[in-house]
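Opening the notebook on this one. I'll jot down what I look up, in the order I get to it.

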Protein chains: 2
Amino acid sequence: MNNDFIGQLIDIVGKNHVLHTPEDLAVYSYDGTFAEGTPDVVVLPENTDQVSQVVKLAAEARVPIVPRGMGSGMAAGSIPMMEGGMVISLTHMNHILEIDTQNATVSTEAGVITADLQAAVEKIGLFYPPDPSSIRHSTIGGNIACNAGGPRCLKYGVTGDYVLGLTVVLADGRILKTGGKPIKDVTGYDLNGLFTGSEGTLGLVTEALLRLAAKPRYAKTVLAEFDSLDDASRTVNAILSAGIVPASLELMDQTAILCIEEAMQLGLNTDVEASLIIETDGADEQTVTSEIEACANICRESGAQSVKLAQNEADRASLWKARRSISPSLARKAPNKLGEDITVPRSAIPEVIQRLRAISAKYGLPIVIFGHAGDGNLHPNILFDKRQPDQWQMVEQMVAEIFETSLAVGGTLSGEHGVGMLKRPYMEKALGSISIDVQRHIKQALDPLNILNPGKIFTN
Amino acid sequence: MNNDFIGQLIDIVGKNHVLHTPEDLAVYSYDGTFAEGTPDVVVLPENTDQVSQVVKLAAEARVPIVPRGMGSGMAAGSIPMMEGGMVISLTHMNHILEIDTQNATVSTEAGVITADLQAAVEKIGLFYPPDPSSIRHSTIGGNIACNAGGPRCLKYGVTGDYVLGLTVVLADGRILKTGGKPIKDVTGYDLNGLFTGSEGTLGLVTEALLRLAAKPRYAKTVLAEFDSLDDASRTVNAILSAGIVPASLELMDQTAILCIEEAMQLGLNTDVEASLIIETDGADEQTVTSEIEACANICRESGAQSVKLAQNEADRASLWKARRSISPSLARKAPNKLGEDITVPRSAIPEVIQRLRAISAKYGLPIVIFGHAGDGNLHPNILFDKRQPDQWQMVEQMVAEIFETSLAVGGTLSGEHGVGMLKRPYMEKALGSISIDVQRHIKQALDPLNILNPGKIFTN
């Protein structure tokens, strides 16, 4: 990276906001995956105008741009594909700009941590539902780039369902504003939908206008334990078919339960094939209670061995602590884990879980299964030891078979993590060559120089 | 249109499915607006493969294609822009292909009438919520092309929220399949979102896979009458801020109420400035009742003159009959009406209604106001007599001022009708030149010959 270019960046954002020492760059060479890629320079702009100027400069110099939030992505979308180029970190754009209580909207910069945004709006009785498990360290901009989900998305929808408007810096540096406060809008193409989930390949989202809901006043949570994984899966369908839409409907298989219990000693029954954590919420206590009771009854009718209603807030917090501790608790079982993110038609969950177990048995490496069963979104986590080169190769083969399994039942490669670098090899098989061609044409139309997050989503 | 081309069309779809006599063509020269445009030929394919072959032929011959359902569109999107070209009517593709009860999805051809699809899924306890007022004669394909809404969309979302997958014939005749049964999917760009609402300018939707909900078992409806329109508007916000999401929250102004009462003699109080029709629904009777009671209380606290709960199904049907009869009843008041479709931030509704009244007073033509207030989606209907040329010119000026009003408060040109031909002149002002440029690039990327519904959405 020549000094002239660095100098021009410094002119735009100031000396302290341009990083280019090896130590500084190393911090931006990782994300939530095993992939690595060190940029030549990292820029930390403070506003949309600076982003625009930086992108213009990069476009002129044909320098690839990797937009980045907190780097917690699970698909290697926010690190350079190989090496080099410029990371634009939006973490300094971390201000909430406006909370409009009357229209229930929040306008925010992209670098705000999602949990901070949630806390800010909840303080005044509003509610931003999407709750990826990275919520305490991922940014709204990153959530928008990946169209992030979370347990609560069964009832409330994913990040994209809350995007009313975006400020996007385009590949040539122009600033595009989409949408607005009206919650229905068919004035032209759905640009909000197009940019959401596009992983920084079509533009850099610097600000967002998000729709809010009213904060639910009550929540009730049940833990249902099943001797049979099949019964647990059928229960998911039975609840949704009864017309109840719980806020969350989470599944954990025996391996997941064992891991949690070993790590946390929460007193979970480990002698079951699967557990469901079900939560209902809303404005009216009676309704929330009658819905959770209906869910509990369906669990019992579907063969649950035990159904425990959280009796108080501490009980409820403990159940969610169990659910949230799956990922960290896996670290105690094996040096490494690789978490996938397939989504399948929910009727296929039992079959998929059987197949995942067969893959695990075939390679002799554990696959822990948990996820948002109501959405059909499962996170199979392979436990392994990366220091043994054989294992990494096996893991790659297992991942390929997990994706094959998902596609075979009409599922997808990703429900909420995105494609990034890691799922590119499977894209054509998943979507077909015509879909890839259409998407490439869109990419080319909006980024003809291919400088925005090149190598992500599509193989070059 | 040369005989050779007609002959080739006949080879693809058969003689009875190619129309080209003046009488036959005239039927396809109208839609739900005042615009007219006669095609050179109308083709009625029976399956996606035929559509694909017809589009390929048209692309080779550079014949513009206008996709059409039942022609009930409100923005002149489904008739030729000026004259000529080919209408592809999808009304013969009217089969429901599969109802998957376990995953709650329906796969359907684009030409199925939306009300027929709703009836078919409701028969087995499922529910397709979007309910445009054209529901008994518009097609699912048309609804997808415009991303149609309706009263129930406040709680349930618009057409696009139910689109899981599409079969799309592209501008070169290739067949694209998007999405699938999984309800979360971030594998690549959101093509469902891009094609939905694109008004046939990016591809022809021939089949759709739609998400279904469980059919609500109970519904309760209230009519609240207000001396003050401001109070009625504030009530809308108060209800939504209380965390209640009614299925519908409809507003009618005094002129609308007067029209209905004159036409139907339903016993509505015409001595009020506005009425709200509020409906709650769901799986649990107690919940639905407690929610409607909460709404009724908020109406009373917000100054409603009277609040009447429908006591039985006949009562409820009568309230909806009133709401649905607004549009037809206007025909008794004036020879012509022009219905607009602005959506505004809901906090701006009182101001917008005041401004609409001022426009009405300025030109001396009545503007009837009703719509989906919970969504901020208002349908100002101008009543006039087209036989008087002065009036048509005035109406056009009034429409321009209605759009100005909407944009001035951060609103849009359309909430559920689309842009078509009629709103093109206002697009740049509404969205800005950069947004238009981005959209044009997308259009060009997917339809480089500009043969798919040319002249719609964008001015050429």
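**Ground rules, for my own use.** This is a predicted model, in which local features need pLDDT of at least 70 and side-chain atom pairs count only at pLDDT 80 or more, while totals for chains, interfaces and linings use all residues. Residues are numbered from 1 along each chain as its sequence is written, chains are lettered from A and ligands numbered from 1 in the order in which they are written, and side-chain values use heavy atoms, with hydrogens and water left out.

**The two copies.** I superposed chain B on chain A: a rotation of 180 degrees with 0.0 Å of shift along its axis does it, at RMSD 0.0 Å. The copies are thus related as by a two-fold rotation axis.

**A sheet in chain B.** In what order do the 4 strands of the open sheet in chain B run? I read β1-β2-β4-β3, with mixed pairing. Edge strands are β1 (18-19) and β3 (65-68) of chain B, each pairing on one side only. Helix α3 (residues 48-61) of chain B packs on this sheet and touches β2, β3 and β4 (86-89) of chain B; its direction makes about 170 degrees with that of β4(B). Such angles run from 0 to 180 degrees between N-to-C directions, with axes fitted to C-alpha atoms, for helices over the stretch in contact. β1(B) pairs with β2 (residues 41-43) of chain B in the antiparallel sense over 2 bridges, and Leu19(B) has Val42(B) as its bridge partner in β2(B). Strands pair here if DSSP finds at least two bridges between them; helices (H or I, at least four residues) and strands (E, at least two) are DSSP runs, numbered from the N terminus.

**Thr235(B).** Thr235(B) sits in helix α8 (residues 229-241) of chain B. Buried or exposed? Thr235(B) is buried, with a relative accessible area of 0% (buried is under 20%, exposed over 50%, partly exposed in between; 1.4 Å probe, protein chains only). A polar atom of its side chain lies 2.6 Å from the backbone oxygen of Asp231(B). Leaving aside neighbours within four places in sequence, I found Thr235(B) in contact with Phe226(B), Leu276(B), Ile298(B), Cys299(B) and Ser302(B).

**Asp253(B).** Asp253(B) belongs to strand β13 (residues 248-253) of chain B and counts as buried at 2% relative accessibility. Not counting residues up to four places away in sequence, Asp253(B) touches Glu273(B), Ala274(B), Ile367(B), Val368(B) and Ile369(B).

**Positive phi.** Gln265(A) is not a glycine, yet has a positive phi of about 45 degrees. Gln265(A) is in the loop between α9 (254-264) and β14 (274-282) of chain A, and counts as exposed at 58% relative accessibility.

Key. Contact = heavy atoms within 4.5 Å. Least-squares fit on C-alpha atoms with pLDDT ≥ 70 in both. Polar contact = N/O pair within 3.5 Å; in protein donor to acceptor, adjacent residues only side chain to side chain.
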